[in-house]
Amino acid sequence: MSHPGRRVAPPAAPAPVLGTPDDGPAVPFAVVSCSAQDPHHPATLLAAAGGKGWQTPRQDPDTLTWPVEVVLSFGGEAKIRAIRVLAHESKIPSRIELFIAEATGGGGAVPVPPPPSQASFRRLGHFSLKPNQESGFKARELKTVFVSARAVYLKLLLHRCHPNSFNSYSQVSLIAVTVIGDLLHSFAGLQQPTGSGGAT
């Protein structure tokens with residue numbers, strides 16, 4: 001998989017919208033699991049377009065289990081072509097790993113999705129993020145990862161931050177996640193998507 005990156009401006013100069021028609025449709029999702037989150041910046045905000053994003057809590061980072069895990073559900077089986085991640089300008093994870101869980105055969109023609117806690121995840125790969133000193137911590141890095149996969153769930157594992165003086169609690173934060181692709185079919189019993197994420 002490839003992972004080109006580019007810098008986009010912070011809120012004062014709005015970031016490009018993720019999942020625009022030029023990219024193809026964005027697959028709606030719901031955040032179904034997160035191992036660490038600030039109560040004012042929960043991971044569920046990642047599904048909201050133009051939201052303030054998710055971040056780990058303001059506490060001693062050594063009290064957290066690393067890497068931090070965030071799991072998205074598509075409410076069905078999605079064909080994924082690209083994954084876009086917009087990082088915070090100073091609360092920057094050093095590395096993000098990507099995993100998917102596929103629908104499994106249930107003895108018939110229709111795949112049967114397991115619940116997230118019982119899903120078997122396959123690693124797609126990882127990408128690194130820049131420390132961001134060159135922008136004075138005023139720009140945000142946008143990473144696009146091109147893949148070809150079918151999945152019911154997407155899991156992101158976020159590693160410890162790049163330390164800097166603007167991040168006193170050594171938090172990591174994502175402003176937006178967008179999955180580009182198509183929802184092939186929905187599954188009854190899965191949590192239904194709440195939004196398509198993205199940044200405005």
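Residues are numbered from 1 along each chain as its sequence is written. In this predicted model, local features need pLDDT of at least 70 and side-chain atom pairs count only at pLDDT 80 or more, while totals for chains, interfaces and linings use all residues, and side-chain values use heavy atoms, with hydrogens and water left out.

The chain has zero helices and 10 strands, where helices (H or I, at least four residues) and strands (E, at least two) are DSSP runs numbered from the N terminus. Of its 200 residues, 50% are buried, that is, under 20% relative accessible area with a 1.4 Å probe, protein chains only.

A nonpolar core is a set of buried Ala, Val, Leu, Ile, Met, Phe, Trp, Tyr and Cys residues joined through side-chain atoms within 4.5 Å. The largest has 38 residues, and Trp54, Val70, Phe74, Ile96, Leu156 and Leu174 touch the most other members. Strand 4 gives the most to this core, with nine residues. A second, separate core of eight residues includes Ala101, Ala103, Tyr153 and Leu190.

Glutamine 171 lies in the loop between strand 9 (140-158) and strand 10 (173-186), and glutamine 171 counts as buried because its relative accessibility is 3%. A polar atom of the glutamine 171 side chain lies 2.7 Å from the backbone oxygen of threonine 56.

Technical notes: A polar contact is a pair of N or O atoms within 3.5 Å; within protein, one must be able to donate a hydrogen and the other to accept it, and residues adjacent in sequence count only if both atoms are side-chain atoms.
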